[in-house]
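Hi,

Here is the structure I promised to pass on. Have a look at it first, and then read my notes below.

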There are 2 protein chains.
Amino acid sequence: MTDTTSAAVAEASRRGRPRGSYAKTEARRHKILTAAFEVFSTSGYRAGSLKDVADKVGLTQAGLLHHFPNKEALLEAVLTLRDEESVSRTGALTAQGIEMLRGVVELARYNTTIPGLVALYCVLSAEATDPDHPAHEYFQRRYNWVRSTMTEAFDELARQGQLRSGIAPSTAARQLVALMDGLQVQWLLDNDSVDMPAEVVAFLEAITTEKF
Amino acid sequence: MTDTTSAAVAEASRRGRPRGSYAKTEARRHKILTAAFEVFSTSGYRAGSLKDVADKVGLTQAGLLHHFPNKEALLEAVLTLRDEESVSRTGALTAQGIEMLRGVVELARYNTTIPGLVALYCVLSAEATDPDHPAHEYFQRRYNWVRSTMTEAFDELARQGQLRSGIAPSTAARQLVALMDGLQVQWLLDNDSVDMPAEVVAFLEAITTEKF
DNA sequence: ATCAAAACCTAGTGGGTACTAGGTTTTTAC
DNA sequence: GTAAAAACCTAGTACCCACTAGGTTTTGAT
């Protein structure tokens, strides 16, 4: 365990040891992540450049690389931050059963307000289907986790007889995830062509006996 | 109209006019398109390079650019060829109503045998959601066409009372397209996680009264 | 006020990019 | 066989890439 109390930092400083980052540093790193997010969203990871990111923040490439050792680390940081934010924001995954599925509809609605984030995951998940992509395992883990979480929700519905017969909970989960991903592509290509939350509601009402 | 009869070519040759391409040229262009397809599939258009394509064919970059004036033209040629091939192969879209939907299931099954093509459209459609992408309009047109074709099929089902009540044909079409796209991402990330044709069948049987 | 570390820069490295100019080899009609 | 166009190459353009070495400026605890 690293001791990060101020007393310990002061002690370390006296001996010429590493000091913590400055007051503005956290804000700057956040700005960098926002910019990186925008760049990776529109160009993908491979075609998006560190210079594009640095320019958006008002830094040089080298300045940027002072905060993140390399491009891959930057991508990881973006993905981690976005996961934390969306989990803390929606708490979409703490709910269970039907309440969680209502949360999914709400998520679909919320997604229409953040096309950038939708584009990021859309472009990145497609790019990361290549086993050599640095985010390949991240997306494998992510999909496994989302699918299993959704399967649990449909399991509960099935136990209460609210899932239409002939539909396995795991199938419902896979399809719901697939549907949302696919709708996003169509929506990004042409916003007016798809009403995402309405489509999700229609799907859920088709496979369950509930109203959403 | 360009006159391309052999007599006309001969006449043109006598005058030092352009000649047609050589016997092997068509095969070579086809080899180039195959290679380009592979490169764009795994890396996308933006990150995929002409050198990668040229190397696969055993040409130099310059040699490749003798056949296609630039990278964008190469992409267009790949997309056009693939559309022609898949239309002529499956004839998936000549059928109507339920027969066409059965063709969609068959397409999902066939897709599992060509992960490269699936990856191409998956990566490219995501990348092309950016309005500045050269294939942006291509994908807009493509989705509009696919959606309207599918809507017609569901319309016919609805007329025959085979579409579950409460589901609009256009909704069914959008969802079927979205589902297939989304399933492909999950399948590319982990082949064993999804049985694509089975999922499509499950979806169709959930929204219709038919067996698939 | 001092001074060391953090933050950031300039100026590179070696490599890749799409694309071009101009020449050489290969094909093919005559 | 000849000649001209097609096919293809070498060698270059100008630019972008991720990343680094080493120096300068800024910060902040003492």
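Let me start with helix 10 of chain B, whose buried residues pack against helix 9 and helix 10 of chain A, together with helix 6 (97–111) and helix 9 (169–189) of chain B. The buried residues in question are B:Met196, B:Glu199, B:Val200, B:Ala202, B:Phe203, B:Leu204 and B:Ile207. I also looked at the length of this helix: at 1.5 Å a residue, the 12 residues of helix 10 (residues 196–207) of chain B should span 16 Å, and the end C-alpha atoms sit 17 Å apart, which agrees.

Before you go further, keep in mind that this is a predicted model. For chain A the average pLDDT is 89, and 90% of the residues score at least 70. Among the elements of chain A, helix 9 (residues 169–189) has the highest mean pLDDT, 98, while helix 1 (residues 6–14) has the lowest, 41.

On to the fold. Chain A has 10 helices and zero strands. Of its 212 residues, 36% are buried. If you take the contacts in chain A with a separation of 6 or more, 58% of them join residues 24 or more positions apart.

Now the pair of chains.

How many residues meet across the two chains? On the chain A side 39 residues are in contact with 39 residues of chain B. Helix 2 (25–47), helix 7 (115–127), helix 8 (136–159), helix 9 and helix 10 (196–207) of chain A each supply at least two residues of the side that touches chain B. The largest share of that side comes from helix 9 of chain A, with 14 residues. Sorted by class, the side of chain A that touches chain B has 21 nonpolar, 10 polar and eight charged residues.

A:Val185 is found in helix 9 of chain A, and it is buried because 26 other C-beta atoms lie within 10 Å, against a cut-off of 20 or more. Leaving aside neighbours within four places in sequence, A:Val185 is in contact with A:Cys122 and, from the other chain, B:Ser125, B:Ala126, B:Thr129 and B:Asp181. Between the C-alpha atoms of A:Val185 and A:Ile114, which are 71 residues apart along the chain, the separation is 14 Å.

The other residue is A:Phe139, in helix 8 of chain A. A:Phe139 is buried too, with 23 other C-beta atoms within 10 Å. Not counting residues up to four places away in sequence, A:Phe139 touches A:Ser125, A:Ala128 and B:Leu189. A:Thr129 is 10 residues from A:Phe139 along the chain, and their C-alpha atoms are separated by 8.2 Å.

Within chain A, the domain assignment gives domain 1 (23–90) and domain 2 (92–212). Their centres, taken over C-alpha atoms, are separated by 26 Å. Where the domains of chain A touch, 14 residues of domain 1 are in contact with 14 residues of domain 2. Helix 2 and helix 5 (71–90) of chain A each supply at least two residues of the domain 1 side, and helix 2 of chain A gives the most, with eight residues. That side of domain 1 divides into six nonpolar, four polar and four charged residues.

A:Gln96 has its place in the loop between helix 5 and helix 6 (97–111) of chain A. Leaving aside neighbours within four places in sequence, A:Gln96 is in contact with A:Ala153 and A:Glu156. A:Phe154 is 58 residues away from A:Gln96 in sequence, with 9.2 Å between the two C-alpha atoms.

Cheers

Note on methods: Residues are numbered from 1 along each chain as its sequence is written. Chains are lettered from A and ligands numbered from 1 in the order in which they are written. This is a predicted model: local features need pLDDT of at least 70, side-chain atom pairs count only at pLDDT 80 or more; totals for chains, interfaces and linings use all residues. pLDDT is the predictor's confidence in each residue, from 0 to 100. Helices (H or I, at least four residues) and strands (E, at least two) are DSSP runs, numbered from the N terminus. A residue is buried if 20 or more other C-beta atoms lie within 10 Å of its own, exposed if 12 or fewer, and partly exposed in between; C-beta atoms are placed from the backbone. Two residues are in contact if their C-beta atoms, placed from the backbone, lie within 7 Å. Ala, Val, Leu, Ile, Met, Phe, Trp, Tyr, Cys and Pro count as nonpolar, Asp, Glu, Lys and Arg as charged, and the others, Gly among them, as polar. The expected span of a helix is 1.5 Å times one less than its number of residues. Domain bounds come from an automatic or database domain assignment.
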